[in-house]
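Here is a short report on one protein chain.

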Amino acid sequence: MTVLHLQSRAYPLHYSSPDLTHGSVLVPGHGELRPVAGRLASLAYNHDATIEIDLTDMAVTGISLPGIEIAGCHARVLSGGSVLVVYALRHEQDLRRLSLAELDALDARVNHALREADAPILSAMLTASVGSGLVRGLRLRPDRELGGDESPTDRRSVRYNAHFVTQDPPWASDPRVPELITGPACRVLLPFTYAWDRDPREPIGELLTMTEPTDIAVAQQSLLAGALLAGREILVDLAGTDPDRADVHAFRHFLDGIWAGFYHLDSYRIESAQDHRATYLAAREVIGLDGTQERADKLLSYVSNSLMAAAMQRTEELDNRLNRVASALAVFTVVAFAQDSAVFLLGEDAALWSRFAAVAGVIAAGSAGLYITVHPRARERRRRRRAAD
């Protein structure tokens, strides 16, 4: 009896709702993508459109896992700010003989190997999709860019689900997992780990529909993880020696996209069919999605207040600089006027040394006034003296 091992990885990305207008997309060095229109089949109302891309050939060509056959690799571009990449794997060893701890360790090793191996493929795919117009309006975190040295998405924000599909799965849930009501055929083994009582030889499309509830939940978790990481990076910049690096507007636009995607996916809880909804709600609870959302709200509210304070400080500093410039111009005007007045009052018959002395005195007085006006320390000392008085 075989076991199909599915790994569903959720990449948090903010983009406009994709519109399938291209027959194919060329990925330099990796081949050609042929996206097709799809939908989330587990929704009972308002079926959400997706773009389905078969990456099996690219994965088989570019990735080698000893003892594991890559039976399929599928990318699903959701309407709500996430791209799901799903691997279908068949193992030479009999996974049914493994304990739950051994199964979990095996899954973690495979996921790590896949993430290291497919990173350049997925980055190239995303770049080509954006360049061709398949994915539009992409907005990355302010410190990320397409084609850069780093991955367009922070790998620390990516979460994934492990699914083991076999008839009459032999693994029991971990004792630490609470008793949850799930849809038919689903058993929660661990957070992010599920066993499904289904024939693993069924078409991949039907199996992806089966796992949709849990994969929507993990996509939301990835979006929140990305928001938390971005907020932390902003706080590091604000607390550092160069707080001007924090781009307030870019960060705000990025967060707007994060929350838009999160709440778009959150509509799944009322749009999905009853059986799928039960599995989705169980997945939310076991991965602590509501707790993550609460922490994200608190952190991002704090970041928002810090950014506002930083913006006000920058505005005040700019006003001070402008005031100093205006004061300096006024001092120059006074010096010029005083110099002309001194020369006029001395008259043409005055001795040359007296003219030099008058001009030098005026320039010295003007320079002293200019220093006091422009130099921030002197200005700050004057402000403190006034406050003390």
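## Basis and overall figures

Contact here means heavy atoms within 4.5 Å. By that rule, residues 24 or more positions apart account for 70% of the contacts in the chain with a separation of 6 or more.

This is a predicted model, in which local features need pLDDT of at least 70, side-chain atom pairs count only at pLDDT 80 or more, and totals for chains, interfaces and linings use all residues. Residues are numbered from 1 along each chain as its sequence is written, and side-chain values use heavy atoms, with hydrogens and water left out.

The chain has nine helices and 10 strands. Both are DSSP runs, numbered from the N terminus: helices are H or I with at least four residues, strands are E with at least two. Of the 389 residues, 44% count as buried. Buried means under 20% relative accessible area, exposed means over 50%, and partly exposed lies in between (1.4 Å probe, protein chains only). The chain exposes about 20,200 Å². Carbon and sulfur atoms supply 55% of that area. Accessible areas come from the Shrake-Rupley method with a 1.4 Å probe; for residues, only the protein chains shown count as cover.

## The sheet

Eight strands form an open sheet with mixed pairing. Their order is β4-β5-β6-β7-β1-β8-β10-β9. The edge strands, β4 (36-39) and β9 (186-190), each pair on one side only. Two strands pair if DSSP finds at least two bridges between them. Neighbouring strands of this sheet are turned by 25° against each other on average, direction ignored.

Look at one pair in detail. Strand β1 (residues 4-12) runs antiparallel to strand β8 (residues 159-165), and seven bridges join them.

Helix α3 (residues 204-239) lies across β1, β4, β6 (68-77), β7, β8 and β10 (193-196). The helix runs at about 155° to β8. Axes are lines fitted to C-alpha atoms, for helices over the stretch in contact, and angles run from 0 to 180 degrees between N-to-C directions. Helix α6 (residues 274-287) also packs on the sheet, touching β9 and β10. Its direction makes about 150° with that of β10.

The two helices meet each other as well. The axes of α3 and α6 come within 9 Å and cross at roughly 35°. On the α3 side, the contact includes M210, P213, I216 and A217. On the α6 side, Y280, A283 and I287 are among the residues involved. By class, this contact has eight nonpolar, six polar and one charged residues.

## Residue V83

Where does V83 sit? It is found in strand β7 (residues 82-91). V83 is buried, with a relative accessible area of 8%. Not counting residues up to four places away in sequence, V83 touches R9, A10, Y11, L13, Y15, R76 and V77. V83 and A10 are 73 residues apart along the chain, yet their C-alpha atoms are separated by 5.8 Å.

## Two positive phi values

N46 is not a glycine, but has a positive phi of about 50°. N46 lies in the loop between β4 and β5 (49-54). At 61% relative accessibility, N46 counts as exposed.

A185 is another residue other than glycine with a positive phi, near 75°. A185 lies in the loop between β8 and β9. At 29% relative accessibility, A185 counts as partly exposed.

Note on methods: Nonpolar A, V, L, I, M, F, W, Y, C, P; charged D, E, K, R; others polar.
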